[in-house]
Each structure stands twice: as C-alpha cells, then as structure tokens.
Amino acid sequence: MNQTRARIAGLGMYVPPNVVTNDDLAERMDTTDEWITQRTGIKQRHWVDPATSTSDLGAEAARAAIADAGLSGDDLDMILVATLSADHYFPGTACFVQEKLDLPGLPAIDVRQQCTGFVYATSIADQFIRTGFARRILVVGAEVHSKGLDISTAGRDVSVLFGDGAGAIVIEAVEVTDPTTESHVLSTHLHADGSGARELWMPGPGMAYERFITYEMLDKGLQFPEMNGRSVYVNAVKRMGEAVVEALDSNNSAVADVDLFVFHQANLRINEAVAERLGIPAEKVFNTIDRFANTTAATIPIGLAEARTAGVLEPGMLVCTAAFGSGFTWGSMLLRW
Ligand code: UT7
C-alpha cells in the first residue's frame, strides 16, 4: 500500500572561509592544541567575519540544498530554521533567511532546540508532509557562535568547542511503496528534560530578569554561554545512546542493519563512547568535528553533506542520526537515503 512519506531531495552546506586553528586560539587564551585535540577531537573551526550573520550562512546553505534538489525557491511550501544564535531577539531567523531567498509568503518557523534543533526541525517537517499540509519544506540549521563567545582564558572551557556554519535540506513528499528500498524518513524521535536547562545555557539577557538587559548583567558576563561540561558529557552519552536504540527498535532494526551513523558533533569522545556502548564499528560513524567543531543545529546536515562528498553516503543506505544538547534536548532519526 502506498504511504505519503518525506524524503530528502536536496542537501547543502556552507561554512565561512576563515579557518581558526587551535594554535590560533592559543594566541588569545591559555590553551593548547594538545588539550583541545585530546579532550574533544577538534583541530580547527570556521568563524565568520564581522559582517556575516546566521541568516547569511543559512541562506547560502539553503541555496545549495535547493539547487541540489534541482528545484527553485518557488517550489517550496515552508521554511524551518533551527538556530540558537538568532540574528535578532525577534523576529525569528527564518524570516531573515526567507527575505534573503526572496520567497515572500511562505510560512517561516524558528526552532530553538539548540544541538538537537535540526532533528526537531526535520521531525516537524516530516509531520507536516505526512499530514499533507506541505509537500516541499526547506529545513536549515545555521549558527554563528564566534561573535557570542568569551574568547579569553575565562571562557576557554566553552569557546574552543564551537564553530560557525550551516547545513540545509529540502524534504519533500513521496509515495513509498517499498519502505525497505525507497528513500524516505522512517521515523523521528524527540525528547527534552528542562531540569537540565541551566547546565548549558546563556543566562542573559532575558525576560526572567527585572529588566531585559542591564550593564550589571554584562559586567557579570551573563551574555556568554555557561556549561557544566561533565554533566553535559555524561547526559549526552546516555541520551544519544537511548535515542539510537529507540530509532532502531521502532523500526525492528539492529545496529548491523545501519550503514552510516551521523551523530551531533559536540565532542569526538562522546561519539566514541556512544559507539562503544552500542557496539557500533568505528568505520560506520562519520565525524566532522576535527574540521568544523560544534556547529550546533548545523552539525547533522553538514555531516550528511560531507559524508556524501566523501563517498560514504550513497542512495539506498540506512542512516541513523542522533543529537543531544542544551535544554536538555535529544532525539534521533532513521532515514533510507
Ligand atoms: O552539544 C553540547 C555541547 N557541549 C558538550 O557536549 C560538551 C560536553 N563536555 C565535554 O566535552 C567536556 O566536559 C569538555 C571537553 C568541555 C571538558 O573536558 P573535561 O575533561 O570535562 O575537562 P574539565 O572541564 O574537567 O577541565 C579540566 C581542566 C581544568 O583545569 P583544572 O581545574 O584541572 O586545573 C580546566 O580549567 O582543564 C582546564 N580547561 C582547559 N585547559 C586548556 C578547561 N578548558 C580548557 C581549555 N584549554 N580550553
């Protein structure tokens, strides 16, 4: 029996040209290439120039994804943008991406689920397509972290981890007759636990305070991200592992059935620990953290795009993605590529 499902019809990515190595950071703070490499697997990241915003990166990745699908912007029904590094407090960054793509009238939605943002946004798109509300949706994950980090020794525990970049997909309705071979999203799985919200967050500015923003807040550095690294690490390993098992169990699949795992890129050690726990062979896990660091909502589409370019992601493959991040939020997806 035919079923309306969603498939990824186009994929694109964009990172700004400026590469910042670990040695470059060591000139600006008390850190070393050895510390960063050993603890995280990161060797370099791309950071924007001052004139470039999150929506600029998102629009570039979107153009690549639309072209890759062989479509034009006029073929789209909706835009979803996942980001934690919005161009402005409001309106949402999806509106600015839409303006840059010159596509007035399309619904434009922001998704604020941080490192799990792309999984959440793709799940939302999948539901809209399954119900028939939309047939083609642009899903973008885009981040500019570099402008918001404390690039001094005081902020080194966080600032060395993050890069700027964007990835995008065009996801479209398809009538699936044979789910074992035809390209589509098999299932998506989403979770959150707000009791962990303060373990990885940017405390200010915000409406939780007597005034949205004060000089005192800025003096305290509340505008810089804060992280309890150990707690995030432990929860990431646990929750990403659970999310992978949930995706596999929901589809009566096993690790051996999956051709490629494209995980969120927060720390190479996290992904190695998840793989070890679940018995996933290292060659089935595709990582990009060494070159791009953690680009939050962009890591998974960048991972897919890089895997395709590297020749390890091919049509017909079963692909599992999983992410964990601030919120806490976590989730997974199983795709037939
Ligand atoms: O998408 C979610 C985003 N984030 C994550 O998933 C991150 C999860 N957490 C982690 O990956 C790890 O906790 C980190 C890589 C962030 C940190 O590794 P760690 O082994 O937990 O290190 P630590 O925080 O316990 O710090 C160890 C030492 C400390 O010095 P002392 O107190 O032992 O003297 C830190 O001050 O390393 C120091 N340190 C650094 N040294 C050089 C912290 N950051 C740096 C740095 N360079 N950049």
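Q: How many bridges join β8 to β13?
A: Eight, and the two strands run antiparallel. Strands here are DSSP runs of E, at least two residues, numbered from the N terminus. Two strands pair if DSSP finds at least two bridges between them. One caution: this is a predicted model, where local features need pLDDT of at least 70 and side-chain atom pairs pLDDT 80 or more, while totals for chains, interfaces and linings use all residues. Residues are numbered from 1 along each chain as its sequence is written, and side-chain values use heavy atoms, without hydrogens and water.

Q: Which residue stands opposite Trp330 in β13?
A: His191.

Q: And what does β13 form with β12?
A: A hairpin, with three residues between the strands. Gly327 in the turn has a positive phi of about 145°. Eight bridges join β12 (residues 318-325) to β13, antiparallel again. Ala323 stands opposite Gly331.

Q: Why is β13 called largely enclosed?
A: Because eight of its eight residues (329-336) are buried. Buried means under 20% relative accessible area, exposed over 50%, partly exposed in between (1.4 Å probe, protein chains only).

Q: Which way do its side chains point?
A: Thr329, Gly331, Met333 and Leu335 point one way from β13, and Trp330, Ser332, Leu334 and Arg336 the other. In a regular strand, side chains alternate between the two faces of the sheet.

Q: New topic. Is Ser187 buried or exposed?
A: Buried, because its relative accessibility is 11%. Ser187 lies in β8 (residues 184-192).

Q: What does its side chain make a polar contact with?
A: The side chain of His189, at 2.8 Å. A polar contact is a pair of N or O atoms within 3.5 Å; within protein, one must be able to donate a hydrogen and the other to accept it, and residues adjacent in sequence count only if both atoms are side-chain atoms.

How values were computed
Helices (H or I, at least four residues) and strands (E, at least two) are DSSP runs, numbered from the N terminus.
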